[in-house]
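Here's a walk through one chain, starting at a single spot and then zooming out. Have the viewer open and follow along.

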Amino acid sequence: AIAPIPPNLVRPATTRGSAHTARIAAERARGRLILGQFGSIYPKKQSTIVLDIAAALVARGEDPFVVFAGSFVKGLDRVEEEFRAHIAALSLTDRVLVTGYVADDAEVFGVLDAVDVFAYVFAEGLTARRGSVLAAAMTGRPVIVNAPVAVAAFDHHPTYRRLLDKGVLRLVPHAAGPDSLADAVLAARNAPRVADPLDEPAAWRDALAAVRAVLA
């Protein structure tokens, strides 16, 4: 059985600006759509697909800027080198910001709050074990993510059902490609911020209840 992961960040009462938020503000002032993703960058997370979405948007005459709030996972592979090569191959060099690791929660949410739409595409689709998706959802901004293979995957995960019902999590077909994902981003770009999107204590209770159910 799969037990859900509860939120791994606590949203502070106030956020704090940084050089990153200043850069994002400058890009927004140019009229750019801010597309974002939170969390570590590594191959299984398929973060390069967000770059493909941005390229699809540019091909339509849109003007996206992509913010990756996180850092690269260092290993035996060449994650960062291949990621930056993909950026260059898509001619997105002036459209991407990778913040690197940000230790302070107030600065993290300063960056996340500056994003218009988040996007994730997982090989297995969305599961209840994606803390990075919950962190993005805590902004109240739309989070585009591909659906799980099993349609009933969230029947026993109240936190995710609430986020789906509020329109914070917006599912696209499991095998959606960059053009379909770009459609979803454009459909969500002007959505109002959802107030109080995630009840953090309730999310922790949901996760603990799921663990108890597994143990029982």
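Leaving aside its neighbours within four places in sequence, which residues is Pro-43 in contact with? They are Asp-77 and Val-79. One thing to keep in mind as you look around is that this is a predicted model.

Pro-43 sits in the loop that links β1 to α2 (48-59). With a relative accessible area of 54%, Pro-43 is exposed, since anything over 50% falls in that class. Val-73 is 30 residues away from Pro-43 along the chain, yet their C-alpha atoms are separated by 9.1 Å. Gln-46 belongs to the loop between β1 and α2 as well. Its backbone is worth a click: phi of Gln-46 is near 55 degrees, a positive value in a residue other than glycine. Gln-46 counts as partly exposed, at 24% relative accessibility.

**The overall layout**

Now zoom out. The chain has eight helices and six strands. Reading from the N terminus, the order is α-β-α-β-α-β-α-β-α-β-α-β-α-α. The chain is as compact as a globular protein of its length, because its radius of gyration of 17 Å is close to the 17 Å that the globule rule gives for 216 residues. Along the principal axes, the C-alpha trace spans about 55 × 40 × 40 Å.

In soluble globular proteins, nonpolar side chains tend to be buried together. Here, the largest nonpolar core has 36 residues, and Phe-38, Tyr-120, Leu-126 and Val-143 have the most contacts inside it. The elements giving two or more residues to this core are β1 (33-38), β2 (64-69), α4 (105-112), β4 (117-120), α5 (131-137), β5 (143-146) and α6 (158-165). Which of them supplies the largest share? That would be α5, with five residues.

Not counting residues up to four places away in sequence, Tyr-120 touches Gln-37, Phe-38, Lys-45, Ser-132, Val-133, Ala-136, Val-143, Ile-144, Val-145 and Asn-146. Apart from that core lies another, of 30 residues, including Phe-72, Leu-92, Val-117 and Ala-176.

Ile-144, one of the residues touched by Tyr-120, is in strand β5. Is Ile-144 buried or exposed? At 2% relative accessibility, Ile-144 counts as buried, well inside a class that takes anything under 20%. Beyond its neighbours within four places in sequence, Ile-144 is in contact with Val-117, Phe-118, Ala-119, Tyr-120, Arg-170, Val-172, Leu-181, Ala-184, Val-185 and Ala-188.

**Towards the two ends**

Pro-12 lies in the segment before α1 (19-29), and its relative accessible area of 23% makes it partly exposed. Setting aside residues up to four places away in sequence, Pro-12 touches Asp-105, Ala-106 and Phe-109.

Further along, the loop between α7 (178-188) and α8 (200-215) holds Asp-196. Phi of Asp-196 is near 45 degrees, a positive value in a residue other than glycine. Asp-196 is exposed, with a relative accessible area of 66%. Ala-195 is found in the loop between α7 and α8 too, and at 62% relative accessibility Ala-195 counts as exposed.

| Pair | Separation in sequence | C-alpha distance |
|---|---|---|
| Pro-43 and Val-73 | 30 residues | 9.1 Å |
| Pro-12 and Asp-199 | 187 residues | 14 Å |
| Ile-144 and Val-168 | 24 residues | 8.4 Å |
| Ala-195 and Thr-139 | 56 residues | 8.5 Å |

Conventions. Residues are numbered from 1 along each chain as its sequence is written. This is a predicted model: local features need pLDDT of at least 70, side-chain atom pairs count only at pLDDT 80 or more; totals for chains, interfaces and linings use all residues. Side-chain values use heavy atoms; hydrogens and water are left out. Helices (H or I, at least four residues) and strands (E, at least two) are DSSP runs, numbered from the N terminus. The radius of gyration is taken over C-alpha atoms; the globule rule is 2.2 Å times the number of residues to the power 0.38. A nonpolar core is a set of buried Ala, Val, Leu, Ile, Met, Phe, Trp, Tyr and Cys residues joined through side-chain atoms within 4.5 Å. Buried means under 20% relative accessible area, exposed over 50%, partly exposed in between (1.4 Å probe, protein chains only). Contact means heavy atoms within 4.5 Å.
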